[in-house]
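Let's walk through this model together, one question at a time. Have the sequence and the 3D view ready.

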Amino acid sequence: MGVHGVKAVFFDLDNTLVDTAAAGRRAIEEVLPLPLSVQVINALQSKHHYGEGEARLVCDKVQAKLLKECHDPARMCITDLRISHWEEAIQETMGGEANRDLAAECYFLWKTTRLQHLTLAEDTRAMLTELRRGLRLLLLTNGDKQTQREKIQACGCQPYFDAIVVGGEQKEEKPAPSIFHYCCDLLGVQPVECVMVGDSLDTDIQGGLNAGLKATVWLNKAMTTPVDTSPVPHYIISSVLDLPAVLQKMEHKMNDKLGTDHTAGSNE
């Protein structure tokens, strides 16, 4: 599939191509109730004398910490930070001394479980394969380089892209124009020949607008109306699978414009 004037599409990873949020929730659900019932709940009960209610509270606290997480790779690696989330959650729930070993055990099981649930759906794979027949595709994701590379490996999305760019490996992340222009240089295209697809108004859409891309496509699964009216995406979709229809719409608009311009030229 090709579109007049469009040579490349940039895709966000988390909650755009793969449902990272759902994988994280499933991992939290599985870490304490069942898979950890033998490994961790028993350890928690024997070491701290608390049961499933307290164990679930630990999980809730970890989930809240992940949502508010601010990571500075210059100060601490992501592994140490996330073990600290578990360590703090356990201590906040039960008091007493910190238990780094138990926290690390919980973290690594959560991480492994989440990666197992990260998948690139078959229909998404098919769409990417079809799009790549006429366009260059690039994966552009913010985040810690180790964490994002592990996700990319886990969901097996490398074969579907001409290039993969991780924000944590660059000087600036989305929405900075520099990372978008770096992506353009990688593919040998101009910003006005590119489309950005992502679920974040603040990073994906604002970044695409900042960089002067041809179009931005906001993935709004809930189809909710944002409280803020800015930034304004060029197109809104409820599923990433709706992207080909958007590209077709762009094609028709361009053909109509070309037809109008041709008619106006003839009349002159």
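Q: Is Cys-157 buried or exposed in this predicted model?
A: Buried here means under 20% relative accessible area. The relative accessibility of Cys-157 is 1%. Cys-157 therefore counts as buried.

Q: Which cysteine sulfur is nearest to that of Cys-157, and how far away is it?
A: A disulfide needs two cysteine sulfur atoms within 2.5 Å. Cys-157 is in no disulfide. The nearest cysteine sulfur belongs to Cys-155, at 3.6 Å.

Q: Which cysteine has the sulfur nearest to that of Cys-184?
A: Cys-184 is buried, with a relative accessible area of 2%. Cys-184 is in no disulfide. Its nearest cysteine sulfur is 3.9 Å away and is that of Cys-194.

Q: How many disulfides does the count come to?
A: A disulfide is a covalent bond between the sulfur atoms of two cysteines. The cut-off used here is 2.5 Å between the sulfur atoms. By this rule the count is zero.

Q: Within what arc do the buried residues of helix H8 fall?
A: Helix H8 spans residues 177–187, and its buried residues are Ile-179, Phe-180, Cys-183, Cys-184 and Leu-187. Seen down the axis of H8, these buried residues line one face of the helix, because they fall within an arc of 145°.

Q: Which helix is among the elements that cover the buried residues of H8?
A: The cover includes four strands: S1 (8–11), S2 (136–141), S3 (163–166) and S4 (194–198). It also includes a helix at residues 201–210, namely H9.

Q: Which residue just after H8 takes a positive phi?
A: Look just past the end of H8 for a phi of about 70°. The residue with this positive phi is Gly-188.

Q: Which strands stand at the edges of the open sheet?
A: Six strands form this sheet in the order S3-S2-S1-S4-S5-S6, with parallel pairing. Each edge strand has a single partner, so one side of it is left without a neighbour in the sheet. The edge strands are S3 and S6 (235–237).

Q: How many residues of S4 are buried?
A: Both faces of S4 are covered. Cys-194, Met-196 and Gly-198 are buried on one side, and Val-195 and Val-197 are buried on the other. S4 is therefore largely enclosed by the rest of the structure, and its buried residues number five of the five.

Q: Which residue of S4 is the bridge partner of Phe-10?
A: S1 and S4 run parallel and are joined by four bridges. Within S4, the partner of Phe-10 is Met-196.

Q: Which residue in S5 stands opposite Gly-198?
A: S4 pairs with S5 (residues 215–219) in the parallel sense over four bridges. Val-197 stands opposite Val-217 in S5. Opposite Gly-198 is Trp-218.

Q: At what angle does H9 run to S5?
A: H9 lies across two strands, S4 and S5. Its angle to S5 is about 170°.

Q: How many residues apart are the salt-bridge partners Lys-61 and Glu-92?
A: The closest N and O atoms of Lys-61 and Glu-92 are 3.9 Å apart, and the two residues form a salt bridge. This pair links distant parts of the chain, with Lys-61 in helix H3 (residues 52–67) and Glu-92 in helix H4 (residues 78–94).

Q: Where in the chain does Arg-132, the salt-bridge partner of Asp-162, lie?
A: The side chains of Asp-162 and Arg-132 meet in a salt bridge of 3.1 Å, N to O. Asp-162 is in the loop between helix H7 (145–155) and S3, 30 residues from its partner. Arg-132 lies in the loop between helix H6 (122–131) and S2.

Q: Is Arg-133 buried or exposed?
A: Arg-133 and Glu-130 meet through their side chains in a salt bridge of 2.9 Å, N to O. Exposed here means over 50% relative accessible area. At 63% relative accessibility, Arg-133 counts as exposed.

Key. Residues numbered from 1 in each chain as written. Predicted model: local features only at pLDDT ≥ 70, side-chain atom pairs only at ≥ 80, totals over all residues. Heavy atoms only, no water. Buried < 20%, exposed > 50% of the residue type's maximum accessible area, 1.4 Å probe, protein only. Arc of directions from axis to C-beta. Contact = heavy atoms within 4.5 Å. Pairing = 2+ DSSP bridges. Axes fitted to C-alpha atoms, helices over the stretch in contact; angles between N-to-C directions. Salt bridge = Lys/Arg side-chain N within 4 Å of Asp/Glu carboxyl O.
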